[in-house]
Each structure stands twice: as C-alpha cells, then as structure tokens.
Amino acid sequence: MQIVNVKDVAKGTELVYCGRSRGWWGMPSLMGNPFSHHAISQARHIGESREEVILAYKHYLWATMQGKAKCTVVLKGQKVEIDVLLTKSIVEEFFASLTDESILACHCKPQACHCDVIAAAYMWWKSQNNRP
C-alpha cells in the first residue's frame, strides 16, 4: 500500500482519497480525519500537535472497528469523549475495497498522517479476516 500527497498525483490517477476536503477527486472521504492540529480547519476537533491528532484518530478508528458509539481521546492535554460518526460496517466495506496495491491519498504526506493509521488498520483487518 502506498500513501501519497494529492498534490503530487496526476489528475486521473486511480487513488483512494482519505481527506476531509474536496478537490478534483470529488467528495470528502468518510475516512477523513475529524481531528486537526490547525486552528483553522474543517475538522470537528482541534488538538495541539500532529502527533496528538494522529493518536486521537488511531483511537477513533479502533473504537469504530469495535462498533463503539463513543471514544475517549486526548486533545490539548485533556481527555475528551466524542461521538463516533462512522460505523463498523462502513469501515469494513472501505477495507474490503482496498488491496495491497491501493494508493491512499491525503494532504499531509510526506509527513506522518492518519493514512498511516488507516494502512496499519487495514493490514491488521486483512490478517484477521483471512484476506490474501
């Protein structure tokens, strides 16, 4: 699985967009990160650092994969309980649509981003579901 910045991809490239915003790929992704470290953002929740919001997304995605309705994350040094807006079935359908050759795209790469979490979660999901 490859993770790229959408700005570095030629228009028309087959990719799986995982960001919050719109662009030539059409719609925001359901897998977009609801957390951001930028004060001015389309994200629902704001944290202090890239690392903090990536970790929050990891907890959020794991809660989703477990079918939970709420998730506790740390933002700006405080524990916050948030609603999980995705469903387990949506995430499973998303993972089922991926392959090891899929190209995930966002606006963060080459920096660390939530797509790294998605890729790791996909590999775990694949191993648990006997996917080749």
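Modeller: Start with the second largest pocket: its lining splits into 7 nonpolar, 5 polar and 2 charged residues. Keep in mind that this is a predicted model.

Colleague: What volume does the second largest pocket have?

Modeller: About 190 Å³.

Colleague: And which residues lie nearest its centre?

Modeller: Ser29, Leu30, Gly32, Pro34 and Arg44, out of 14 residues that line the second largest pocket.

Colleague: How much space lies in the largest pocket, then?

Modeller: The largest pocket holds about 340 Å³. Its lining has 20 residues, and Arg20, Ser36, His38, His107 and Cys108 are the closest to the centre.

Colleague: Which elements give two or more residues to that lining?

Modeller: Those are β3, residues 35-36, and α1, residues 50-65. The largest share comes from α1, with 3 residues.

Colleague: How does the lining of the largest pocket divide by class?

Modeller: There are 8 nonpolar, 10 polar and 2 charged residues in the lining of the largest pocket.

Colleague: Switching to helices. At what angle do α1 and α3 cross?

Modeller: At roughly 35°, with the axes of α1 and α3 coming within 9 Å; α3 covers residues 114-128.

Colleague: Left-handed or right-handed?

Modeller: The crossing of α1 and α3 is right-handed.

Colleague: Which residues of the two meet?

Modeller: On the α1 side, Ile54, Tyr57, Lys58, Leu61, Trp62 and Met65. They meet His114, Val117, Ile118, Ala121, Trp124 and Trp125 of α3. By class, that contact has 10 nonpolar residues, 1 polar and 1 charged.

Colleague: What about α1 with α2, how do their axes cross?

Modeller: The axes of α1 and α2 come within 7 Å and cross at roughly 100°. So α1 is roughly perpendicular to α2.

Colleague: Fine. Which residues make the contact between α1 and α2?

Modeller: Leu61, Thr64 and Met65 from α1 meet Lys88, Val91 and Phe95 from α2. The class count for that contact is 4 nonpolar, 1 polar and 1 charged.

Colleague: That leaves α2 with α3. Where do they stand in distance and angle?

Modeller: The axes of α2, residues 88-97, and α3 come within 10 Å, and the crossing is at roughly 85°. Therefore α2 and α3 are also roughly perpendicular to each other.

Colleague: Which side chains or backbones are involved, by residue?

Modeller: By residue, Glu92, Phe94, Phe95 and Ala96 in α2 meet Ile118, Ala121, Tyr122 and Trp125 in α3. The contact of α2 with α3 counts 7 nonpolar residues, no polar ones and 1 charged.

Colleague: Now the backbone. Which peptide bond is cis?

Modeller: The one from Lys109 to Pro110, with omega near 20°. Pro110 sits in the loop between β7, residues 103-106, and α3.

Colleague: And Lys76, what is its phi?

Modeller: Positive, at about 55°, although Lys76 is not a glycine.

Colleague: Where does Lys76 lie?

Modeller: In the loop between β5, residues 70-75, and β6, residues 78-83.

Conventions: Residues are numbered from 1 along each chain as its sequence is written. This is a predicted model: local features need pLDDT of at least 70, side-chain atom pairs count only at pLDDT 80 or more; totals for chains, interfaces and linings use all residues. Side-chain values use heavy atoms; hydrogens and water are left out. On a 1 Å grid over the protein atoms alone, a cavity is a set of points where a 1.4 Å probe fits but cannot get out, and a pocket is an open set with protein on both sides within 12 Å along at least five of seven lines; lining residues have an atom within 4 Å of a point. Grid points are joined across faces, edges and corners, and a volume is the space filled by probe spheres set on the points. Helices (H or I, at least four residues) and strands (E, at least two) are DSSP runs, numbered from the N terminus. Ala, Val, Leu, Ile, Met, Phe, Trp, Tyr, Cys and Pro count as nonpolar, Asp, Glu, Lys and Arg as charged, and the others, Gly among them, as polar. Axes are lines fitted to C-alpha atoms, for helices over the stretch in contact, and angles run from 0 to 180 degrees between N-to-C directions. A crossing is left-handed if the near helix is turned anticlockwise from the far one by less than a right angle, and right-handed if clockwise. Contact means heavy atoms within 4.5 Å. Angles under 35 degrees count as roughly parallel, over 145 as roughly antiparallel, 65 to 115 as roughly perpendicular and the rest as oblique.
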